[in-house]
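Dear colleague,

Please find the structure below for your review.

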Amino acid sequence: MKTKKTIGFIGIGVMGKSMANHLLSEGFKLFVYSRTKEKAEDLLANGAKWKDTPKEIAENADIIITMVGYPYDVEVIYFGENGLFAGTNKGAVLIDMTTSTPTLAKKINDEGKKVGVHTLDAPVSGGDIGAKNGTLSIMVGGDLKIFDEMMPIFNILGGNIVYQGEAGAGQHTKMCNQIAIASNMIGVSEAIVYARKAGLNPETVLKSISSGAAGSWSLSNLIPRVLKEDYSPGFFIKHFIKDMGIALEEAEKMNLRLPGLELAKKMYDSLADQGEENNGTQALIKYWD
């Protein structure tokens, strides 16, 4: 970028905290907001400045990134009484990196045009590991010119940044990502369940199958956690259920049935009913317990 922009970051969660820290480490002036201020203490200690509302973030930042949990959170942050559109300056760029709905991404884009600001929907994949390492996959929808201008920011946060098309295209692409993960999580979990039943050592099985045709990100990054009985969230089950619900709703609008996704959602719903919603998606292995 020709000049160092001021960035606002909203959502200091499992992934957002690492993402915000990368921007701070690159020397950007950073304003932060989250529903729980305590989550931002490390960032504040390292030089970030706290603001009490999204509106105050908008009044002080050139570029604003949102990384929250649910579409209704995004709705409030952008359209609420103390939301971004209540305080944003003309020419600002608003980037929603939450996994949300394509419909909401288009609504945000339409409102942005009315008030003279630019918007991008840029959901990510890679979980807590990708966020910590700055290697997230970022799928972007919106104006191509603005996407190009924001590449220096995206390059700090991710290693695979792809422009997907007009507003909403980033969110549609993220649904493709989640659909692929959903069925894959069933497969990798069943492989380990089978290995155990067959009396094999799951760790040596993993060495054989993770680098072959069965290899996947989930197999290499999440199953090692399973073998250590580490179910801490790189990505919450409750958020994955939300994503699968969005994908199924969008598929229904297109008269498309996705039986694999339907099955995965039922399995995760069952785990959530058993109190596992705040564990990571690798806790699917508990379904067989």
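**Helix packing**

Helices α13 (residues 237-253) and α14 (residues 259-273) pack with their axes 10 Å apart, at an angle of about 150°. Here, axes are lines fitted to C-alpha atoms, for helices over the stretch in contact, and angles run from 0 to 180 degrees between N-to-C directions. Helices (H or I, at least four residues) and strands (E, at least two) are DSSP runs, numbered from the N terminus.

Please note that this is a predicted model, in which local features need pLDDT of at least 70 and side-chain atom pairs count only at pLDDT 80 or more, while totals for chains, interfaces and linings use all residues. Residues are numbered from 1 along each chain as its sequence is written, and side-chain values use heavy atoms, with hydrogens and water left out.

The crossing of α13 and α14 is left-handed, that is, the near helix is turned anticlockwise from the far one by less than a right angle (clockwise would be right-handed). On the α13 side, the residues in contact (heavy atoms within 4.5 Å) include Ile237, Phe240, Ile241 and Met244. Their partners in α14 include Leu261, Ala264, Tyr268 and Leu271. By class, this contact of α13 with α14 has 11 nonpolar, 1 polar and 3 charged residues. Ala, Val, Leu, Ile, Met, Phe, Trp, Tyr, Cys and Pro count as nonpolar, Asp, Glu, Lys and Arg as charged, and the others, Gly among them, as polar.

His239 also lies in α13. His239 counts as buried (under 20% relative accessible area; exposed is over 50%, partly exposed in between; 1.4 Å probe, protein chains only) because its relative accessibility is 17%. Not counting residues up to four places away in sequence, His239 touches Gly69 and Tyr70.

**Cavity and pocket**

A search of the whole structure finds 1 cavity of 30 Å³ or more. On a 1 Å grid over the protein atoms alone, a cavity is a set of points where a 1.4 Å probe fits but cannot get out; a pocket is an open set with protein on both sides within 12 Å along at least five of seven lines; lining residues have an atom within 4 Å of a point. Grid points are joined across faces, edges and corners, and a volume is the space filled by probe spheres set on the points.

The largest cavity has a volume of about 50 Å³. Its lining divides into 6 nonpolar, 2 polar and 2 charged residues, among them Tyr78, Asp96, Asn109 and Ala167. At least two lining residues come from each of β5 (93-96), α5 (102-115) and β6 (118-121).

The second largest pocket holds about 230 Å³ of space. Of its 15 lining residues, Lys5, Asp62, Ile63, Gly91 and Val93 are the closest to the centre. The lining of this pocket comprises 7 nonpolar, 4 polar and 4 charged residues.

**Selected residues**

Gly170, in helix α9 (residues 169-197), is buried because its relative accessibility is 0%. The C-alpha atoms of Gly170 and Gly141 are separated by 4.3 Å, although the two are 29 residues apart along the chain. Beyond four places in sequence, Gly170 touches Asp121, Pro123, Met139, Val140, Gly141 and Gln164.

Ala20, in helix α1 (residues 16-25), is also buried, with a relative accessible area of 0%. Its contacts, with residues up to four places away not counted, are Phe9, Ile12, Leu30 and Leu43.

Asn160, in strand β9 (residues 158-165), is partly exposed, with a relative accessible area of 41%. Leaving aside neighbours within four places in sequence, Asn160 is in contact with Leu136, Ser137 and Ile138.

With kind regards
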